[in-house]
Amino acid sequence: MNSGAASFDELDRKIITALMANARTSFAEIGSSVGLSATAVKRRVDRLRETGVITGFTATVKPAALGWRTEAYVEVYCEGAAPPRRLAEVVRNHPEITAAMTVTGGADALLHVRARDVEHFEEVLERIRVEPFIRKTISVMVLSHLIPDSPEAGATQAVPPQDTGSTIDAANVR
């Protein structure tokens, strides 16, 4: 994979736009809309994948359909300077965390958490808080998505955790 800046032209942009709108669009349909043959579109998509411009194809699923009915953003404040790789290790252990990033400002990190319900969210929050370098968290619950078609309104988890009363097995959720 090429780690440098990707170079692509206007046709590539149109192809990418079509795939972002619907990744299941056929090469023939895309070719018809951009003025190329299906084979030419496929060659371009293959090149865009090889160079890392296109990183994958996915399905967007309504989280509630999978049992994720509660959503929140959690600011994480650490004692001292917690290295990003240590934070990454922690968030990987919580399948309910669907996105995590280090941020500027007062907080050290911002987590996007999905859970079955408020009780499950509270349990996730407590598991996060027991990490020795986490000083405090501030949570903001999502009430509704003002842009329902945004990626944030979709799900990245394949299967919601089963309500077995035990801890979640990350290998079965991701």
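Analyst: Two residues are in contact when heavy atoms lie within 4.5 Å. The model is predicted, and for that reason local features need pLDDT of at least 70 and side-chain atom pairs count only at pLDDT 80 or more, whereas totals for chains, interfaces and linings use all residues. Residues are numbered from 1 along each chain as its sequence is written, and side-chain values use heavy atoms, with hydrogens and water left out.

User: Which pattern does the protein chain follow, read along the sequence?
Analyst: Helices (H or I, at least four residues) and strands (E, at least two) are DSSP runs, numbered from the N terminus. The protein chain contains 6 helices and 4 strands. In sequence order, these elements give the pattern α-α-α-β-α-β-β-α-β-α.

User: What percentage of the contacts with a separation of 6 or more comes from residues 24 or more positions apart?
Analyst: The protein chain has 174 residues, of which 34% count as buried (under 20% relative accessible area, with exposed over 50% and partly exposed in between; 1.4 Å probe, protein chains only). Among contacts in the protein chain with a separation of 6 or more, the share contributed by residues 24 or more positions apart is 69%.

User: Leaving aside neighbours within four places in sequence, with which residues is Thr25 in contact?
Analyst: Thr25 belongs to the loop that links H1 and H2. With neighbours within four places in sequence set aside, the contacts of Thr25 are Ala18, Leu19 and Ile30.

User: Within what arc do the buried residues of H2 fall, seen down its axis?
Analyst: H2 has Ile30, Gly31 and Val34 as its buried residues. They line one face of the helix, because the arc that holds them, viewed down the axis of H2, is 100°.

User: Which exposed residues sit on the face of H2 turned away from its buried side?
Analyst: H1 and H3 are included in what covers the buried residues of H2. Just after this helix, Gly35 adopts a positive phi of about 85°. Turned away from the buried side of H2 is a face whose exposed residues are Glu29, Ser32 and Ser33.

User: Within what arc do the buried residues of H3 fall?
Analyst: The 13 residues of H3 should span 18 Å at 1.5 Å a residue, which agrees with the 18 Å between its end C-alpha atoms. Buried in H3 are Ala40, Val41, Arg44, Val45 and Leu48. These buried residues line one face of H3, because the arc within which they fall, seen down the axis, is 135°.

User: What covers the buried residues of H3?
Analyst: The face of H3 turned away from its buried side bears the exposed residues Thr39, Arg43 and Glu50. For the buried residues of H3, the cover includes H1 and H2.

User: What distance separates the C-alpha atoms of Ala64 and Ala115?
Analyst: Ala64 lies in the loop between helix H3 (38-50) and strand E1 (70-78). Ala64 is partly exposed, because its relative accessible area is 35%. Along the chain, Ala64 and Ala115 are 51 residues apart, while the separation of their C-alpha atoms is 9.7 Å.

User: Is Thr70 buried or exposed?
Analyst: Thr70 is part of strand E1. Neighbours within four places in sequence set aside, its contacts are Val113, Arg114, Ala115, Arg116, Asp117, Val118, Phe121 and Met141. Because the relative accessibility of Thr70 is 10%, this residue counts as buried.

Notes: Arc of directions from axis to C-beta. Expected span 1.5 Å × (residues − 1).
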